[in-house]
Amino acid sequence: MIMNAMTRNVIIVGAGPAGLGQALALKRAGIPDVLILDARGIGASFRAWPQETRLLTPSFPSQAYGCPDLNSVFPEASPADRFVCEHISGPQYADWLNQEARRAGLDVACPVHVKAVDREDGLFELDTDQGMFRCRVLVWATGEFFFPSRHEYPGAELCVHYADVKSWRDCEGDQLLVIGGAESGIDAACNLIALGKKVTVLDRGGAWMEEQGDPSLVLSPHTRTRFRAALDSGRLRMVPDVSVVRVGDHGDGFRVYGQDGQSFACDGPPISCIGFVGGASQIRDLWAWRNGQVLLTPEDESTLTPGLFLAGPQVRQPGEIFCFIYKFRTRFDIVCHAISQRLRENESVPHLESFASHASGV
Ligand SMILES: Cc1cc2nc3c(=O)[nH]c(=O)nc-3n(C[C@H](O)[C@H](O)[C@H](O)COP(=O)(O)OP(=O)(O)OC[C@H]3O[C@@H](n4cnc5c(N)ncnc54)[C@H](O)[C@@H]3O)c2cc1C
């Protein structure tokens, strides 16, 4: 039975690493009455990954020396300690998140699907499939994976999106096209090459050509290593500067058309790796947007809706993309501090002195 009648100080929607890590930071800062809601369960997006996908950021148990594991949002714990593996699978990571959330005593209610959010008299009202929840401050940590980008061009519905693949073994055809040449596109290509397929990757730019830079913009070292091996197979072709305008089904196969009249054939549905619109789109009207990105204050609060914060890979600050765990966890203390101020305005928490520097420990 989920207790939803009372008004909570803080509700966090999403029990992935962003929501859990933010909740832990709030707990350590002494902010009482924080509830996490999730439609599917702790770490659900990692369980939904294709079976072959591994975390590309390595895990290493370095936390005892003041250097938390890159994949940790529980700074004293490392998934590598439990699995003795650098690149763990999605289900392993989800198991680890469950274990650590329990150990930390976080208050998680699931399954609770938040269908809509309203703001009335300074309170957020969350309309869910388990009734109405209310809170003073809302943290939106709904991730990206369950919100793929699907409708970019006519015929997109003929493609299989990365987020729909259960295992690369299920992909039909021997000569395949992957649309998108960033992390997920190269991951798809490497897995298909390992299965003996011929693969052509189309990309409107050519992210794989940049050797160095921010891993949010160029391939991560782990992916680059796998990519080189896939190229060595002789079955992987990379085609830059193709903006896909249409996909067609021709009965005996599919054809993908580019902007200059070029076209590319494949004998199974094209694999779409064009990214994600992200979960912030679920409450689109509560944010201001520019070029598909949510506009935030320097404390990751909505510029339109006071008391609403964004956590996770959709967070952007000028010149910064926080799409990895080791990146977005650096925001937890900043958000924590801003939330305590909001609650103080509401007189919901006692005055807390300078907790923020050690609230999250990361
Ligand atoms: C294939 C792939 C590989 C990746 N590999 C790495 C990696 O190696 N290292 C790394 O740092 N990052 C990696 N990332 C990025 C990674 O997904 C994110 O860093 C991480 O999942 C984001 O965590 P999150 O908590 O924001 O979102 P999620 O883990 O997606 O959690 C969001 C949660 O919100 C819930 N939810 C959504 N909407 C609602 C709603 N309306 N009501 C209730 N609950 C809701 C979902 O059920 C879900 O459990 C990868 C991403 C992908 C897609």
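Colleague: What should I know about numbering and confidence before I start?

Modeller: Residues are numbered from 1 along each chain as its sequence is written. The model is predicted, so local features need pLDDT of at least 70 and side-chain atom pairs count only at pLDDT 80 or more, while totals for chains, interfaces and linings use all residues.

Colleague: Which domains does the protein chain have?

Modeller: Domain bounds come from an automatic or database domain assignment. Here the assignment gives domain 1 (7-146 + 276-358) and domain 2 (156-272). Their C-alpha centres lie 31 Å apart.

Colleague: How many residues of domain 1 are in contact with domain 2?

Modeller: Two residues are in contact if their C-beta atoms, placed from the backbone, lie within 7 Å. By that rule, eleven residues of domain 1 are in contact with 13 residues of domain 2. The side of domain 1 that touches domain 2 has seven nonpolar, three polar and one charged residues. For these classes, Ala, Val, Leu, Ile, Met, Phe, Trp, Tyr, Cys and Pro count as nonpolar, Asp, Glu, Lys and Arg as charged, and the others, Gly among them, as polar.

Colleague: Which residues come nearest to the ligand?

Modeller: A residue is near a molecule if its C-beta atom, placed from the backbone, lies within 6 Å of it. Of the 32 residues around the ligand, Gly14, Gly16, Ser45, Gly143 and Gly312 come nearest. By class, the shell has 17 nonpolar, 13 polar and two charged residues.

Colleague: Which helix gives the most to that shell?

Modeller: Helices (H or I, at least four residues) and strands (E, at least two) are DSSP runs, numbered from the N terminus. Helix α1 gives the most, with three residues. Both α1 (17-28) and α2 (44-47) supply at least two residues each.

Colleague: Is strand β8 buried or exposed?

Modeller: A residue is buried if 20 or more other C-beta atoms lie within 10 Å of its own, exposed if 12 or fewer, and partly exposed in between, with C-beta atoms placed from the backbone. In β8 (residues 175-179), four of the five residues are buried, so the strand is largely enclosed by the rest of the structure. For β9, too, four of the five residues are buried, so β9 is largely enclosed by the rest of the structure.

Colleague: Which strands are joined to β8 by bridges?

Modeller: Two strands pair if DSSP finds at least two bridges between them. Five bridges join β8 to β9 (residues 198-202), and the two run parallel. Val178 has Val201 as its bridge partner in β9. From β8 the chain crosses through helix α5 (residues 183-194) to β9, a right-handed β-α-β crossover. Right-handed means that, with the strands pointing away from the viewer, the path from the first strand over the helix to the second runs clockwise. Strand β14 (residues 271-272) is joined to β8 by two bridges, also in parallel, and Ser272 is the bridge partner of Ile179.

Colleague: How many bridges join β9 to β10?

Modeller: Four bridges join β9 to β10 (residues 236-239), and these strands run parallel. Together with helix α6 (residues 221-232), they make a right-handed β-α-β unit.
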